[in-house]
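Please keep the structure open while reading.

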Amino acid sequence: MGNWEANVRRVVPYTPGEQPKQKNIIKLNTNENPYPPAAGVREALNGITDDNMRKYPDPTADILVSKIAEKYNVSKEEVFVGVGSDDVLAMSFLTFFNSDKPILFPDITYSFYDVWADLFRIPYTTRPLDDEFNIVPADYICDNGGIIFPNPNAPTGVEMGQDSIEEIVSKNRDVVVIVDEAYVDFGAKSALPLTKKYDNLLVVQTFSKSRSMAGARIGFAIGDKKLIRFLNDVKFSFNSYTMNAPSLYAGVAALDDEAYFKKTVDMIVNTRERSKTRLSELGFSFADSMSNFIFAKHESANAKDIFAALKENGIFVRYFDKPRIDNYLRITIGTDDEMDKLFEFLEGYLK
């Protein structure tokens, strides 16, 4: 036998949230939007022709790039699109994090960051959140090879103020700072205006959460034209046709219905605020979430036990068996009916 395994690139892979196959469950574990996409999305998908499927899609994704540029009042040259924000972020790691110095990100954050760093052989150092799960800007004012953090953070849901974001960006002009805004539409303030002021800032967003399109896999980045040009150079060296035709047309249709977008986001925010009150009454504590989930621990019950009991009864939430957060549950905000069923179960379980 040969020794081919000696040359295999080995990594510990990211573990995605469980996608249960059984029906009649309450799925509150992967931060999906509980409401359907805008009606125009279905119409766009119904309009996909045989030619759309027979031919390669536009490698520049121009119809979607143009629509995003129009919505966010930037030029097309300032927009990059990819297969979900994960694809955009992975391309960003590969493009911008090439120093011998370590990149920086929080110790409690999106758990794909360290996976990409390991995959691409990027040195990294984590900076601890404070006891209230806040990012400490002073911890990022040091020699480094790049910085990334979500805002609001995941899985904590905590928003970082714009002044703190600008402090980090302005004091790290020699590296690229990436702000991952997957959950920004649920009440947080976007750092997008800062991209006009700082050419080293890249802001990444997604259609998966607020636009109910996790299945379409659409993500995008906005930043200085030079950043986007470098990203596209790497993309076209990796895979020219990253965006499929149905996603391109569906994405444009989703952006065309701003009223529906605002309506569903408002519904989720209202349910989230009501859920905060109810969880507090049940003995849970949590940081003030500005996302479509709540990251909570109970005053007396063990999170892992609650997680298992919920799952056994067809209610799926997310549990992370990691230091500092192994007694927390991340609970996605569902419909009012789904949340009421969660609270009804918890009320009985916690007696």
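Two residues are said here to be in contact when heavy atoms of theirs lie within 4.5 Å. The model is a predicted one, and every value below is computed from it.

Pro20 belongs to the segment before strand 1 (26-27), and its relative accessibility of 15% makes it count as buried. The C-alpha atoms of Pro20 and Gly314 are separated by 9.6 Å, although the two residues stand 294 residues apart along the chain. The segment before strand 1 also holds Asn24, which is exposed, with a relative accessible area of 81%, and which has a positive phi of about 60° although it is not a glycine.

The helices come next. Two packed helices are described by the angle between their axes and the distance between the axes. Helix 8 (residues 245-256) packs with helix 1 (residues 39-46) at an angle of about 150°, the axes being 8 Å apart, and because angles over 145 degrees count as roughly antiparallel, helix 1 and helix 8 are roughly antiparallel to each other. Their crossing is right-handed, and in it Gly40, Val41, Ala44 and Leu45 of helix 1 meet Pro246, Tyr249, Ala250, Ala253 and Ala254 of helix 8. The residues of this contact divide into eight nonpolar, one polar and no charged.

Helix 8 also packs with helix 3 (residues 62-72), here at an angle of about 20° and with the axes 8 Å apart, so that helix 3 and helix 8 are roughly parallel to each other. Helix 3 passes helix 8 in a left-handed crossing, where Ile63, Leu64, Lys67, Ile68 and Lys71 of helix 3 meet Leu248, Tyr249, Gly251, Val252, Leu255 and Asp256 of helix 8. Seven nonpolar residues, one polar and three charged make up this contact.

A further pair is formed by helix 9 (residues 258-281) and helix 11 (residues 336-349), which pack at an angle of about 10° with their axes 11 Å apart; helix 9 is therefore roughly parallel to helix 11. Thr271, Arg274, Ser275, Arg278 and Leu279 of helix 9 make the contact with Asp336, Met339, Asp340, Phe343, Leu346 and Glu347 of helix 11, and these residues divide into four nonpolar, two polar and five charged.

Which residues touch the most other members of the largest nonpolar core? Of its 51 residues, they are Leu64, Ile68, Val81, Phe149 and Phe207, while the largest share of this core, six residues, comes from helix 8. Apart from this core lies another, of 33 residues, among them Ala182, Val265, Ile294 and Ile315. Beyond neighbours within four places in sequence, the contacts of Phe149 include Pro106, Tyr113, Ile135, Met160 and Val177.

Some backbone details remain. In the loop between strand 5 (147-150) and helix 6 (162-170) lies Pro152, joined to Asn151 by a cis peptide bond with omega about -5°. Pro155 is found in the loop between strand 5 and helix 6 as well, and the peptide bond from Ala154 to Pro155 is cis, with omega near 10°. In the loop between helix 5 (113-119) and strand 4 (124-127), Arg121 has a positive phi, near 60°, in a residue other than glycine; Arg121 is partly exposed, with a relative accessible area of 48%.

Definitions and conventions:
Residues are numbered from 1 along each chain as its sequence is written. This is a predicted model: local features need pLDDT of at least 70, side-chain atom pairs count only at pLDDT 80 or more; totals for chains, interfaces and linings use all residues. Side-chain values use heavy atoms; hydrogens and water are left out. Axes are lines fitted to C-alpha atoms, for helices over the stretch in contact, and angles run from 0 to 180 degrees between N-to-C directions. Helices (H or I, at least four residues) and strands (E, at least two) are DSSP runs, numbered from the N terminus. Angles under 35 degrees count as roughly parallel, over 145 as roughly antiparallel, 65 to 115 as roughly perpendicular and the rest as oblique. A crossing is left-handed if the near helix is turned anticlockwise from the far one by less than a right angle, and right-handed if clockwise. Ala, Val, Leu, Ile, Met, Phe, Trp, Tyr, Cys and Pro count as nonpolar, Asp, Glu, Lys and Arg as charged, and the others, Gly among them, as polar. A nonpolar core is a set of buried Ala, Val, Leu, Ile, Met, Phe, Trp, Tyr and Cys residues joined through side-chain atoms within 4.5 Å. Buried means under 20% relative accessible area, exposed over 50%, partly exposed in between (1.4 Å probe, protein chains only).
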